[in-house]
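Please examine the sequence and the structure shown below. The explanation that follows is intended to be read alongside them.

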Amino acid sequence: MQQKKIRIYRFRISMKGRRGIWRKIEIKGDQTFGDLDRMIRISFNLDTFDHLSEFYSGKKWYRSGFGIIKPIGQGEGADLRIDSIGIGTGSKFGYVYDFGSEVHFYITAQQILEEELSDEDFPRVVSENKKKDYYCSDCAASGKKTIASLECYVCSEEMGKSVYLCDKCAESEKHEDHFTGDIME
């Protein structure tokens, strides 16, 4: 008896403006964009209980895509199957997390595999960028070398490069109203 074959999509997901921060995620074709959304949130250390997200075609998000995904896998985009939109090797699309801060990601279908059904868990991260220590941008400006623990997403977007902060600088008046989070690597 021949084993049932399943289609597995391997996506490379990188942050807009920080292409050195990426993950390769494999997901079965019969899984949903809600499943992929959850794996992106987990693998990039994004909040899994707050913020809307959406996958979209093209390079720009115009507040309409494949359907909004609410946290915990709800929303009209959450039930859309991966294999339902005609993704081929080399296909590109985008993902936006948090409609207020708009953290964007580029997604490329690197490979589509046909494999025999197995007990392996999907979706799964199969590789990611190498992690390293970063220094606080504000401390460096005053000649200090302090290891950063957070990234200021507002400053990073404004400056077009990653702005890293130590806890003390993140709590300063300069950044108190900014969206900061763990350094995404």
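The paragraphs below treat a helix, a strand residue and the cysteines in turn.

The model is predicted, so local features need pLDDT of at least 70 and side-chain atom pairs count only at pLDDT 80 or more, whereas totals for chains, interfaces and linings use all residues. Residues are numbered from 1 along each chain as its sequence is written, and side-chain values use heavy atoms, with hydrogens and water left out.

Helix α1 spans residues 33-43; helices (H or I, at least four residues) and strands (E, at least two) are DSSP runs, numbered from the N terminus. Of its 11 residues, 8 are buried, so the helix is largely enclosed by the rest of the structure. Buried here means under 20% relative accessible area, exposed means over 50%, and partly exposed lies in between (1.4 Å probe, protein chains only). The buried residues are F33, G34, L36, D37, M39, I40, R41 and S43. They pack against β1, β2 (18-28), β3 (53-57), β4 (92-97), β5 (103-116) and β6 (124-128).

The N-terminal end of α1 is capped by T32, which has a side-chain oxygen 3.3 Å from the backbone nitrogen of G34. After the helix comes N45, with a positive phi near 60 degrees. S43 also belongs to α1, and it counts as buried because its relative accessibility is 15%. Not counting residues up to four places away in sequence, S43 touches R23, I25 and V125, where contact means heavy atoms within 4.5 Å.

R12 is located in strand β1 (residues 5-15). This arginine is partly exposed, with a relative accessible area of 24%. When neighbours within four places in sequence are left aside, R12 is in contact with R19, W22, R23, K24, Y106, I107, T108 and Q110. The C-alpha atoms of R12 and E128 are separated by 9.1 Å, although the two residues are 116 residues apart along the chain.

The cysteines remain to be considered. C136 is buried, with a relative accessible area of 0%, and C169 is buried at 14%.

Conventions: Polar contact = N/O pair within 3.5 Å; in protein donor to acceptor, adjacent residues only side chain to side chain.
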